[in-house]
Amino acid sequence: MQARNRKRRWVIAAAVGTVVLALGLVLFKPWLLFVDVRVDEQLPTAVASASPGEASPTAKPSASASPAGSAQLAEGSLISHEHATTGTVRIIQRPGGKRVLTLEYLDTSNGPDVHVWLSAADVVEGTAGWFTAGSAEHFDLGVIKGNQGNQVYTIPDGVDLARYKSVDLWCVQFSVSFGAAQLAK
């Protein structure tokens with residue numbers, strides 16, 4: 001009888017352990033940390049400008065290529081937060097007024113549910129900055145296309161860029177920043 005109860009406990013423990021493991025895999029997706037997704041979209045060229053939409057004739061063009069008349073409105077360098085993150089962020093206004101955000105030479109970890117946010121928060125370095133964007137006003141440009149390479153995100157016409165000081169790669173599932181860039185005009 002005692003051997004039978006012991007066997008039953010082991011079967012129940014194994015079943016519960018299997019369910020917990022399956023749920024953990026579904027929720028946390030740990031394999032994403034070991035899989036890289038490279039995206040290499042065509043980046044627009046822009047001329048740095050003193051004021052939005054007004055290209056300076058003496059400014060040098062950025063390293064990427066695109067139509068004449070585009071103006072760089074802001075840029076910043078990504079710093080690491082929860083995960084090692086590097087790259088450059090630019091906001092560019094194209095001829096006709098359409099604006100895009102570019103992630104250039106991005107290199108970060110892959111993760112579940114990572115989004116590109118325009119954030120009203122200032123970037124804070126170190127672990128103190130991991131959660132800053134989560135408590136600030138933000139505009140979600142969508143799920144990150146990949147964790148490496150060059151990417152372009154359209155900024156909708158109604159978004160007031162004056163409200164946003166930074167760009168954050170925000171993991172919605174875990175409410176933590178992978179990395180962020182302070183925007184400079």
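Trainee: Where is the place of Ile-12?

Mentor: This is a predicted model, where local features need pLDDT of at least 70, side-chain atom pairs count only at pLDDT 80 or more, and totals for chains, interfaces and linings use all residues. Residues are numbered from 1 along each chain as its sequence is written, and side-chain values use heavy atoms, without hydrogens and water. Helices are DSSP runs of H or I with at least four residues, strands runs of E with at least two, numbered from the N terminus. Ile-12 has its place in helix α1 (residues 2-28).

Trainee: In which order do the five strands form the open sheet?

Mentor: Two strands pair if DSSP finds at least two bridges between them. The pairing here is antiparallel. The order is β4-β11-β10-β7-β8.

Trainee: Which strands stand at the edges?

Mentor: Each edge strand has a single partner strand, so one side of each is left without a neighbour in the sheet. They are β4 (79-80) and β8 (138-143).

Trainee: What stands opposite Ile-79?

Mentor: Two bridges join β4 to β11 (residues 176-182), and these strands run antiparallel. The residue opposite Ile-79 lies in β11. It is Ala-180.

Trainee: Why is the pair of Trp-117 and Trp-170 stacked?

Mentor: Rings of Phe, Tyr and Trp (its six-membered ring) pair if their centres lie within 6.5 Å; planes under 30 degrees apart count as stacked, over 60 as edge-to-face and the rest as tilted. The Trp-117 and Trp-170 ring centres are 5.0 Å apart. The pair is stacked because the planes are at 20 degrees.
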